[in-house]
Amino acid sequence: MTALAAPLRRIRKVAGKGAAPVLSQGITAGTSLLLQVVAARVLGLAEFGAFAVFLALLVSASALYTGWVGDSLAVLDRHDPDTRAALVSSAAGGWALFFAAGCGAGLVVGDGGAGTAVVYAAMLVCWLAEETVRRLLMARLRFWQLVVNDACYLVGTVAVLALLAATGEITLASLFGAMCAGACAAVVVGIGQLPRDELRQLRPGLAGMRAVASFAAWRSLQATLRPAALLGSRVLVSGVVSLAAVGVLEAGRLVVAPLQVVINGAGSFLLANFAARQRGGGGTRLSADRAALLLAGATAVGGTLPAVFAGPLGELLIGQPVDPLLVLGWVAYLTVWAAGLPYVTEAVARRMSRQVFTIRLADSAAGLATAAAVLVLGLGIAAVPWTMACGGVLSAWRLRRSATSDGPDHRNR
């Protein structure tokens, strides 16, 4: 028992530190789950498929933005004047770019006209502003303050959604409006929680852009690969089959959404702590190997229950049963993702973003190509997440080799 006491204390300490980021992700993902259930129940399967595409666009935009701005706040010296000015310029430019992209996507994907497109674009900007505040809190390792911030997003979103439900019909535009209101509330609360030194000298400039881009360009591209691949799979299903089929695909993913919450929370915790350890400022002693084993094992074991109860869970979430094989496919996809995530965060903390991007690009391309093949051959929607998972197996192995073989001072080769 004495020999086990020290390891158990370390595990409890790590679990205690990791509880806040997991809870934070749980609040955000729970709000998203609620919105998706409402969309599935109120809009119908075809419009729910469109909503899933819009959310995939949001996640892809958020990944690209946070890969450039958010992760730079954690890994680079954000208090350096040139770096700070470059990040301010990057944030402002990103908001403008994604507002325009959101308007265009809203007109192409949605059927609600210009009004829906503008509301969606405004929600994108507010979401990215909220992500900036969230990443500052993460960079400061203030995860319980992050929980408060995300709780405000939940309360604001649900309050507006309840008001809309009571006063009129819920549409795509009203769902995006509720998300926009929640994000604005979270921005206000988050700014109030940040110390003044994080908010000083927020002037744009380009002097430090080259140094920021040397890290952030590869990181943002790498961070976008997975959500972009998922977006691509939805577009493939929509083009080859239908938007209603996208709704079915998304229903299977919703059943295992809690697993994704744990993985996302663990990723936020690991990146912030690996980066702090790399800078010599503390951080977790948990190795990437042990984190990968724990995270992948928990995902695989935790996914058995949703797969067994796929039918009733589907009835609860979208009003119709879900194919257990489809759910198992998403469990396999998430397990492979969980196995590679600690090595990604370790490599990013050591500024090896280009290697991670190269490995993940091959993974995403292989997964999408295989998914396209199975759809064209008519093998069914349930095969899509399985093909995406297969593309990630070799990627996880290569990520481990890359993260564990290079020295700590290795940089973007």
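**Entry 1: the second largest pocket**

I looked at the lining of the second largest pocket, where helix 3 gives the largest share, six residues. Helices here are DSSP runs of H or I with at least four residues, numbered from the N terminus. I note that the model is predicted, that local features need pLDDT of at least 70 and side-chain atom pairs pLDDT 80 or more, while totals for chains, interfaces and linings use all residues. Residues are numbered from 1 along each chain as its sequence is written, and side-chain values use heavy atoms, with hydrogens and water left out.

I read a volume of about 430 Å³ for the second largest pocket. On a 1 Å grid over the protein atoms alone, a pocket is an open set of points with protein on both sides within 12 Å along at least five of seven lines, a cavity is a set where a 1.4 Å probe fits but cannot get out, and lining residues have an atom within 4 Å of a point. A volume is the space filled by probe spheres set on the points, which are joined across faces, edges and corners.

The lining of this pocket has 19 residues, and Val88, Trp95, Thr132, Leu136 and Leu202 lie nearest the centre. I found that helix 2 (45-75), helix 3 (81-109), helix 4 (113-139) and helix 6 (172-193) each supply at least two lining residues. Sorted by class, the lining has 15 nonpolar, one polar and three charged residues. Nonpolar covers Ala, Val, Leu, Ile, Met, Phe, Trp, Tyr, Cys and Pro, charged covers Asp, Glu, Lys and Arg, and polar covers the others, Gly among them.

**Entry 2: helix pairs around the pocket**

I took helix 2 and helix 3 next: they pack at an angle of about 170°, and their axes are 11 Å apart. Helix 2 is therefore roughly antiparallel to helix 3. Axes are lines fitted to C-alpha atoms, for helices over the stretch in contact, and angles run from 0 to 180 degrees between N-to-C directions. Over 145 degrees counts as roughly antiparallel, under 35 as roughly parallel, 65 to 115 as roughly perpendicular and the rest as oblique.

Among the residues that make the contact are Phe54, Tyr65 and Trp68 of helix 2, and Trp95 and Phe98 of helix 3. I counted contact as heavy atoms within 4.5 Å. The classes in this contact are 16 nonpolar, three polar and no charged residues.

I also checked helix 4 and helix 6, which pack at about 25° with axes 8 Å apart. These two helices are therefore roughly parallel to each other. The crossing of helix 4 and helix 6 is left-handed; that is, the near helix is turned anticlockwise from the far one by less than a right angle, and clockwise would be right-handed. Their contact divides into 19 nonpolar, four polar and one charged residue.

**Entry 3: cavities**

I found three cavities of 30 Å³ or more. The largest cavity holds about 1,200 Å³ of space. Its lining has 47 residues, with Gln25, Val59, Gln260, Asn264 and Trp337 closest to the centre. Helix 2 gives the most to this lining, ten residues. The lining of the largest cavity has 24 nonpolar, 13 polar and ten charged residues.

About 90 Å³ lies in the second largest cavity. Among the residues that line the second largest cavity are Arg226, Tyr333, Trp337, Arg360 and Asp363. Two or more of the lining residues come from each of helix 7 (209-240), helix 13, helix 14 (353-376) and helix 15 (383-405). I sorted this lining into five nonpolar, two polar and three charged residues.

**Entry 4: helix 10 and helix 13**

I noted that the axes of helix 10 (residues 288-302) and helix 13 (residues 324-349) come within 8 Å and cross at roughly 165°. Helix 10 is therefore roughly antiparallel to helix 13. Their crossing is right-handed. In helix 10, Leu295 and Thr299 are among the residues that meet helix 13, where Pro342 and Tyr343 are among the partners. This contact has 13 nonpolar, two polar and two charged residues.
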